[in-house]
Structure formats: structure tokens, C-alpha cells
Amino acid sequence: MSVGGRKIDASGASARTRTSMSVGGQKEVASMAYEVELKNINKHYGDFKASDQVNFGVERGRLIGLLGPSGSGKTTILRMIAGLETPDSGDILIAGERVNELAPGKRGIGFVFQNYALFRHMTVRENIGFGLKVQKESKSRIRERVDELTRLIGLDKFADRYPMQLSGGQRQRVAFARALAPSPRLLLLDEPFAAIDAKVRKELRGWLRETIHKLGITSIFVTHDQDEAVEVADDIIITNRGRVEQAGTPLEIYRKPHTPFVADFIGESVHVPDYTVFKGFSARGGSEHPGIIRPEFIEIGLDDREIAMPLAAEHGIVRAAYFRGSNVGIDVEVKGQILKAARSLEKVPLQEGDEALVLIHRILSFEGGQAKTIANQSKRKESVVI
Amino acid sequence: MGSASKVIPGYRFTQGVTFFYISLILLLPLAAFVLFATGMGWEKFIGKAFEYRILHGYLVSFACALAAAIINGIFGLILAWVLVRYEFPGKRIMDGLIDLPFALPTAVAGIALTTLYVETGWLGQFFYAIGLPSAFSVLGITIALIFVGIPFVTRSVQPVLKDLEPEIEEAAALLGAGKWLTFRKVIFPELTAPLLTGFALAFARGIGEYGSVVFIAGNTPFETEIAPLLIMTELEQFDYQAAAAIAIVMMAISFLILLSINGYQRYRIREQGV
Amino acid sequence: MATSIMQNRMFSSDSRAKPELAPVSAETLVKWLLIFLSAAFLVVMLILPLILVGAEALSKGWEAYVAALAEPFAQKALLLTVEATVIAVLLNTVFGVASAWLLTKFDFRGKAVLGSLIDLPFAISPVVAGLFFIMLFGRMSPFYPTLQAYHAAVVFAVPGIILATVFVTFPFITRELVPVMEAQGRSEEEAAATMGAGGWTIFRYVTLPNIKWGLIYGIILCTARAMGEFGAVSVVSGHIRGKTNTLPLHIEILYNEYNFTAAFAVASILVFIAILILVLRNMVEWRTQNRRIQRQRPH
């Protein structure tokens, strides 16, 4: 996968199953292998720049999450690929062919709308079969395909119900099946989980990921929820203010954010204006030393016995401790700054006002606009936390 | 025209149908009228449009429509309130009946109302007994315009009242406000916008109304001649210029009413975010 | 002091219980006073005129009533009314659906202007509307010599009546459909388009079933106005008996000739149709409301 012309290795890091074609080293070959490719896409709405020189390519069979805050232009990208919006400039390629002028219905895409846009007066069966009916498929063929799909989504018993008689999760699955029915080569999903309750959402995420991988269909989904993107997608594309900030596997993005925005948007980040105040972190030139510290960069302990290298640790005071279900979140003040840490429920609970030892393993710095991970130099060996 | 992509088909087709139809049915006649009217010249227009007898016609139309719209405003609000807030036998029929003036041809309403309100009529006898001529008078015109305007206010206020969140009233009640105070200070302000809209629609309709009014008006010059009737009279005398001049003034009045209401609504949205 | 909802509930149970048990509160008094006021207003303003039409129509007995309706001029007027109404409603239905589709499914410059243009006939007195057509096709029109040459009359003839009827009724269906289609959004149509459906298919299978009741409602209102139109038709008709008289115009002539029984007999047909329209209208509304309630019911 490449972003803005830079080649990013997305082939080695993911442990998930995949059916992607191998990508050659040469660029021309690479662009031929993309199932979807956006080249220099720009789109304005009045003064608002929804897409600003957007470039990326998606290999066949990959499940891509388009992640960004609202208004970052991710839905616009999805709608442009579908043909629901037209870019002001740039090319959209599907299977190597330019589709800018092609009507949405002729692009071979399936689209799952945010609120599903199910045809409210048609049954589940009629909804799923509509795309095939439009293509003038035979009745028996439609029936066969609809049966197959209702079974796939586990709603074969509900095939004659109307959308209003279904729960949110069921509707979402019907929308999914309806998009899949004409066997598109590309599946696009706009905030597929936004309208579903938290608990069902969790289940659906896993179901959707597995089903898409089983079918091997190239898919792009839009989300503003980083947990969702990390959990479901093979690769994530992060958008901000109409630009693609970074693309890569969730792990890469997490560990090597390219821009302050990505570092800030992914994970729980605390900004520190000057990281050189902390033990083990010295200046590397320049006059300003801003950085980001995440809870997983920090180890917090009550005393020497709980911390591996007490000499490298700072002294801090616990300012707040709050139960978070699977662990305890702790706000700890170190050198006048509040850092966020997490502590296992199995350990002795810390309370407000307690003194604690805080070992900062790593810091993300952004000197010169480049993101860099800096390890604590007081430690002899780096320990990987993630 | 538009810059956004037309994903849904049918833009050109519906645009074609709409513009063709509007041009033919609306714009062409309007253009013919404007062409004719502008050919008249200012002096003639002033002379024809503001003759004393015709001025009196505007006054009658305007005053009676205003009075009818005010009465409809009051009863329309009561009707909307009763239909939304209370349960009682016959409510559905009452609700359905409100639209009768939309469904009943105005000429039928006109002859029925006239027969009701003449001196020997079922209702007229009471009016005449106390010295109020209820037919062939301004009172009669107003009665006919009340009939015509009944649905406007009720149908504007009803949906807004229905959608009013009960929490607002509950909050007022919890703060110790009594029913009447709650209505005046909490509910009524929410209803002013639809009330005004309904009022304006009834008012504008009243000024242009003809069918239901001609019969009961009596059409005595300088007394009960309404503006639309004057257009008819001029047409019968083949004075097309005078008819056009009156029509221009009537249209101006209608547009002014509707525009000022529109302006007020916009002002409210801007100033109060209603 | 209980909250208003509670009081409303107490109210309705009060009204069902025997009133002598509970002391009559001021609010119950206000409630029944307002209901009485409303009912009285509607009885005087709406129901009495209806009863009067029936009473006057039958005042000279059943035979006179039937004779008035069977009279050839009345028959001709009825026919012309039906003709004008059917044509106006058909044309306006096509236009209404097309314009509502245009206004709700697309964004384009001048949309607001188009919307107010369509509403224009509501702001124009029917008499003035009739005047427009006199100006367009009458003696002072630039088309008049051409029309004369072909012996084609528009004004003071049937085409003028139909045109005037079309003009005064043309916003009804658009007005009814636009809010319905606006509320439903575009996503169902977009979804169908992404599946390759064409314009007619989308309209027939996706949009039409969704707007069916709104459309019927609009057609009912349009029909009511079309068959009852008086002012505009009166201007362009020329009142030629048996030729350019619609039912409302025929009623006017009969009434002005002091033939009251016949006038009310003919009027009673229109009253009957008006009541039919009201019943239909309420059935449609009742249906759509029920469906809305069904939809809102959680799964």
C-alpha cells in the first residue's frame, strides 16, 4: 500500500489471513495490482476542502478501515469511489480502469449505507434480491442467491420480514447481504456500526471481519472509532482535514505514527511540552522538545519491589485513580505534569495522594515534524511493552 | 446547473417536465399579464387603481379579511388545543370536519351561508332581531371569510402543539408555575410562529376570496363591494386596464402579507434560534 | 402540584368516571368549556350550512330535486366539471411528481426560487388568475388574431376553463409530496442507483411505495379544489349555458334566477362529493399515522 507516493510495507506485519496479490518492487507493476486506486483526488464543497491530494491504493482482498474524526473527509472518499460524488480532479481506478465517468451502478461495487437505506416497504428477501432483479437475473437464480445470502447472514428465518420488524444488528446484516448479492468486486461500508448498540456492535465487528475474509472481497469501511478500525481492518488509512495522514497496518500506525495528528488520534496520548525534564531523556538538538506519553509507555509502582529498574524511575504523586473495568486508570503527577498510567487490578490499589514510582520506558517525540520513539537511556535494555 | 453529481437518475427529465409545465401554465399567463399591465403607463394605472369606489373595495376586502383572520386565529388556536390536548367523544369527526372549507366548493358555501344569514334565515333572524344585518353587509362578508379561513390556523398550529415536548411543561410545573402561567409563558410563545403563518394564509386567502363572498356581500357600491368583485365588474364592462390595475394592487397586498410573515419567521430564527 | 402529563392523565380518567364523585376542578371546567366552544363554532360555521343545503334542496319534495338534477344544463355542467377536474388532476399529478422529485432528489441553483414559484398560485386570487388567461388569450392578446384565424377559442370556451382549473390547483400535489420525500431522504434511491437501477425502476419500486399515501392525499386535495373552483373559472367562462358552465357556475346562475331549490339540489351533489373527499382524506391520514406508529414501535 502506498501513500502519497511513499511506499509502505504492509505485507509483513499483519498476522491475519489475507488473499492479497503480492506487490512487486516496481511502481508500475504495483499500481496494476491494486483493486482500487485513488490518484491526486481533490474535492471541494464551497470553501470546504473535503479531499486534498488524496492518494492511496488497495490490494485485492484487503479489508481497509478509513479512520478519521468527523469532517476529515473519509465518507467523501468512500462516496467518490462509489460514484455518489464526483471528484473535482484526479483519477479513481477500479481494477486498473478509470471509473470517474462511470455511473455508480456500473462500477461493480456494493455499498452499505450508514443508516442502511433498506427499502422499507420490501421484505428482507426483496431487499437482497433487488440488485439482481435490476440486472434482469432469472427468478430461480435470484431465489438461489437470496437463500444463500440469508443463510450467510443467519436470517433465513426472517426472510419475509420487513426492515421495520428487525433489530439494528439484523438490519445491518441485511444491508450487507443486499450489497453483496450482485457479487461486486468491491464492498464499501459507511460507518457500518454507528447505528448499533454497544454490545451488538462488538459481536458484529468480529462477524463482519470473518465473513469478509471468508469471501475474500476487497472492502473499505469508514469509521471514526479507532478501536473499531484497529479491531476490524487489515490496514488503516487515517484522514484529517481532507488529507491522508498515514496508512499501514494497525500495529505500524500505533508504533510509528508519522505525524503528531496520528500520534494524538491513535491511543490515549498525553502531551508533554518538554520531555527532557524526565530522567533518561536528553535533548537531541533543537530548542523545543515536545513529546507524547501513552499509558503503556509507563510503569507505575508503589515501591522498589514493583518496579524493575527503580533507579531509572521518577517520583510521582497519585492525583486520581479510577476503576475502568479491566484495570485502574491513574493520573500521576511527575515534575509538575499529569501523566496517565494503567495499573493491574491484581496489584495493591493506589489512592489519591499516594507517592509512587513512575518508570517512563519510551516517549514519542516530534522534533522537526518527524515522529520518533525515544527510549529511556537510563535503562540498559529496552523492554517492549506492546 | 448544479455542481454535485447526479447519482439518482431523472434530473434532466424532471427538470424538463417541471420547467416546461411552469412556463406554459404559470409564466406565460403571468408574462401576458405583466406585458399588458406595463403597457398601461403610470398615470393610467394610478387613475384606474385608486379610483374612489375601488379604494373602498380594497378597504372592504382588507378589513373583512383582517377581522375574519383574527377571529379564525382565536378559534383556530382553541380548536387546535382541544384537538391535541383533550380526549372526548366525537373528536375524530371534529378533526375531520375542519377541512370542510377546503373540500366544499366556495359557491356552495356562498349560497348556503347567504340563505342562513338573510333576514328570514335560520341564523339571520337572530341577528336582524338585534338590529344587525347579517347578510348583504360587511358582517356577512366577514362571516363568509371566517368560513373559508377556518382550516388555516388550526392546521398550522396543530402539528407544532403535538410535537411540543412535554418536558418543557413539566419543567415549568416543577418550578411551580400554574397552568395558565405555563400556557402564557411557555406554550404560547412556541405557538406564535405557526399561529402567524396560519393567520397570514387565512388573511391572504380572504383578500382574494370571491366565490363564497359574492352571494352574501350584496355588492352595493361604496358599501359591500370587494376587490375581486370589482375586477369582475370591470371585465364585464371590458375595461381590461382597470381590471389589471386592481389585480396588481391585490397581488401587491397579498405578497406583502406573505413576505412580511416570512421575514418575521426568518428574523425569529436568526435572533432566537427558534 | 403534579406535572402536566399526570394531570392530563387524571383528566381523561376523570372524564370517564362519574363526574358527581370528583369535585369539578377549574381545569375540567376549562376543558369542557373549550370543547363546547369549539363544537359550537363548528356546528354554526360548518354543519349548519351543510344541513341547510340538504333542507333547501328537498324543500319542494323529492321529485323537484330529481328534476333539477336531471335537467340537461345541469347534466352538461356536471360533465364539464368532471372533464376539467380529470384533466387538471392528471396533468398536475405528472407535474407534481416530477417537480417533487426534482426538488427533493437534487441540489441545484435556483431551487428555492423554483419552490416559491410553484407556490405562487396560492398567493394569487382566483379572479386574478382568471384575468391572466384573459390577457393571454383574450381580445387584447397578441395571439388573438392567430386564434381567430383558426377559429380556436380558448377564453369563453372549454380550454380556458381547463387551463384556469389547472392553474389554481397546480401546487397541491407538489406541496404534499415535497415534505414527505424530504423526510425520507435520498439514501434508498442512492442505494438502488448503486445497484444499477434506472430512473423508472427506482421510482416504481423504491420511491412510489414510500410516497403512495402522500400522493393520494395530494390528489384528493387537488380534486376537491378543481371541481369546486369558482372565481378563476367564472372569469374565463363567459357563462354560456350548456357550453362553458361548470357545476359551481351553474349553481350561481340558478341562484341568481331565484331558482333556489334547483341551485341547492345541484349544490347537494357537490356537498356529497366534498364529504366523500373528507372521509377519504381522513382515511388516508389515519392510515399513514397508524403506519408511523407501527414504525415507531420498538422491535
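Student: Is M80(A) buried or exposed?

Tutor: In this predicted model, M80(A) is buried, because 23 other C-beta atoms lie within 10 Å of its own and the cut-off for a buried residue is 20 or more.

Student: Which element holds M80(A)?

Tutor: M80(A) belongs to helix 2 of chain A, which spans residues 74–82.

Student: And what does M80(A) touch, leaving out residues up to four places away in sequence?

Tutor: With those set aside, M80(A) touches I41(A), K43(A), E85(A), P87(A) and I92(A).

Student: How far apart in space are M80(A) and A33(A)?

Tutor: Their C-alpha atoms are 20 Å apart, and the two residues are 47 residues apart in sequence.

Student: Let me step back to the whole chain. How many helices and strands are there in chain A?

Tutor: Chain A contains nine helices and 21 strands. Of its 386 residues, 43% are buried. Among the contacts in chain A between residues at least 6 apart in sequence, 65% join residues at least 24 apart.

Student: Helix 3 of chain A next. Why is helix 3 described as largely enclosed?

Tutor: Helix 3 covers residues 124–134, and eight of its eleven residues are buried, so the helix is largely enclosed by the rest of the structure.

Student: Which residues of helix 3 of chain A are the buried ones?

Tutor: They are V124(A), R125(A), N127(A), I128(A), G129(A), F130(A), G131(A) and L132(A).

Student: What do the buried residues of helix 3 of chain A pack against?

Tutor: Within chain A they pack against helix 4 (139–152) and helix 5 (168–180), and chain C contributes helix 10 (187–194). Just after helix 3 of chain A, K136(A) adopts a positive phi of about 60°.

Student: Now a loop residue. Where does A313(A) lie?

Tutor: A313(A) sits in the loop of chain A between strand 15 (298–301) and strand 16 (314–323). A313(A) is buried, because 26 other C-beta atoms lie within 10 Å.

Student: Which residues is A313(A) in contact with, its neighbours within four places aside?

Tutor: A313(A) is in contact with I307(A), L357(A), V358(A) and L359(A). As for I298(A), it is 15 residues from A313(A) in sequence, and the C-alpha atoms of the two are 9.8 Å apart.

Student: How many bridges join strand 20 to strand 21 of chain A?

Tutor: Four bridges join strand 20 (residues 362–365) to strand 21 of chain A, and the two run antiparallel. Across from L364(A) stands T373(A), in strand 21 of chain A.

Student: What domains is chain C divided into?

Tutor: Chain C is divided into domain 1 (26–57) and domain 2 (62–296). Their contact takes five residues from domain 1 and eight residues from domain 2. On the domain 1 side, three of the residues are nonpolar, one is polar and one is charged. The centres of the two domains, taken over C-alpha atoms, are separated by 30 Å.

Student: How many residues do chain B and chain C give to their contact?

Tutor: Chain B gives 80 residues and chain C gives 78 residues. Helix 1 (residues 11–38) of chain B gives the most to the chain B side, with 16 residues. That side divides into 62 nonpolar, twelve polar and six charged residues.

Student: Last topic: which residues touch the most other members of the largest nonpolar core?

Tutor: In that core of 157 residues, they are V108(B), I246(B), L131(C) and A267(C). A second, separate core has 101 residues, among them I128(A), I220(A), I236(A) and A263(A).

Student: What does V108(B) touch in chain C?

Tutor: V108(B) touches V53(C), I251(C), A267(C), L270(C) and V271(C).

Key
Residues are numbered from 1 along each chain as its sequence is written. Chains are lettered from A and ligands numbered from 1 in the order in which they are written. This is a predicted model: local features need pLDDT of at least 70, side-chain atom pairs count only at pLDDT 80 or more; totals for chains, interfaces and linings use all residues. Two residues are in contact if their C-beta atoms, placed from the backbone, lie within 7 Å. Ala, Val, Leu, Ile, Met, Phe, Trp, Tyr, Cys and Pro count as nonpolar, Asp, Glu, Lys and Arg as charged, and the others, Gly among them, as polar. A residue is buried if 20 or more other C-beta atoms lie within 10 Å of its own, exposed if 12 or fewer, and partly exposed in between; C-beta atoms are placed from the backbone. Domain bounds come from an automatic or database domain assignment. A nonpolar core is a set of buried Ala, Val, Leu, Ile, Met, Phe, Trp, Tyr and Cys residues joined through C-beta atoms within 7 Å. Two strands pair if DSSP finds at least two bridges between them.
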